[in-house]
Amino acid sequence: MNQSKHHLDLITAVAPRVSQYLPEAERSVSLASAAAAKRGWEIRWLVAVDGVGDIPRLDPDSALIKYLPAGGGVAATRNHALAEADVDGWVLALDADDTLDAPGLVALLTDPNLTEDIGWAAANRVLLSSGQR
């Protein structure tokens with residue numbers, strides 16, 4: 001991968017009524033961020049909230065939170081967050097009920113076969129609602 005690209009934006013779209021897993025997602029993002037930082041990567045977590053309502057408190061240092069005024073669905077909410085993403089970096093979607101696999105993400109980001117020509121890649125995650133990978 002081009003050495004000038006060491007930035008990853010994680011995008012999470014969440015509806016307040018199903019936000020109970022966000023604290024676990026946040027812990028996984030923190031672990032992944034710390035592991036990636038050791039390899040020269042910065043991770044920013046963009047959380048887009050679909051509609052009005054409360055979500056679990058997130059550390060303002062770990063997440064940039066944007067609220068959409070009306071429920072437009074997960075796709076519209078994710079697209080809204082995508083507009084905030086760094087166009088010179090990588091973007092990865094993280095569902096609100098998933099956690100990141102920090103070692104898997106770091107392995108992906110530091111894979112020597114990962115080049116700027118690749119348009120899409122995926123990393124392991126755990127679905128909190130079912131425990132499946």
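## Exercises on a predicted model

The structure here is a predicted model. By class, 5 nonpolar and 2 charged residues line its largest cavity, with no polar ones.

**Exercise 1. Which residues line the largest cavity, and which strand gives the largest share of the lining?**

Step 1. Start with the count. The structure holds 1 cavity of 30 Å³ or more. The volume of the largest cavity is about 40 Å³.

Step 2. List the lining. Leu-46, Val-47, Ala-48, Leu-64, Lys-66, Ala-81 and Glu-84 surround the largest cavity.

Step 3. Sort by class. Leu, Val and Ala count as nonpolar, Lys and Glu as charged. This sorting gives the 5 nonpolar and 2 charged residues of the lining.

Step 4. Assign the strands. At least two lining residues come from strand 2, and at least two from strand 3. Strand 2 provides the largest share, 3 residues.

Step 5. Check the pairing. Strand 2 (residues 42-50) and strand 3 run parallel, joined by 5 bridges. Leu-46 stands opposite Leu-64 of strand 3. Both Leu-46 and Leu-64 belong to the cavity lining.

**Exercise 2. In what order do the strands of the sheet stand, and which strands are at the edges?**

Step 1. Read the order. The open sheet has 4 strands, arranged 3-2-1-4, with parallel pairing.

Step 2. Find the edges. Strand 3 (64-68) and strand 4 (90-93) each have a single partner strand, so one side of each lacks a neighbour in the sheet.

Step 3. Place the helix. Helix 2 (residues 74-82) lies across strand 1 (7-14), strand 2, strand 3 and strand 4. Its direction makes an angle of about 150 degrees with strand 1.

**Exercise 3. Which side chain meets Arg-44 in a salt bridge, and how many residues apart are the two?**

Step 1. Take the total. There are 2 salt bridges in the structure.

Step 2. Name the partner. Asp-9 meets Arg-44, at 2.9 Å from N to O. The cut-off for a salt bridge is 4 Å, so this pair qualifies.

Step 3. Locate both ends. Arg-44 sits in strand 2 and Asp-9 in strand 1. They are 35 residues apart, so the pair links distant parts of the chain.

**Exercise 4. What lines the second largest pocket?**

Step 1. Find the centre. Of 13 lining residues, Ala-13, Val-14, Val-18, Val-74 and Ala-96 lie nearest the centre of this pocket.

Step 2. Name the elements. Strand 1 and helix 2 each contribute at least two lining residues.

Step 3. Sort by class. The lining of this pocket has 7 nonpolar, 1 polar and 5 charged residues.

Technical notes. Residues numbered from 1 in each chain as written. Predicted model: local features only at pLDDT ≥ 70, side-chain atom pairs only at ≥ 80, totals over all residues. Heavy atoms only, no water. Pairing = 2+ DSSP bridges. Contact = heavy atoms within 4.5 Å. Axes fitted to C-alpha atoms, helices over the stretch in contact; angles between N-to-C directions. 1 Å grid on protein atoms, 1.4 Å probe; cavity = no way out; pocket = protein on both sides within 12 Å on 5 of 7 lines; lining within 4 Å. Points joined across faces, edges and corners; volume = space filled by probe spheres on them.
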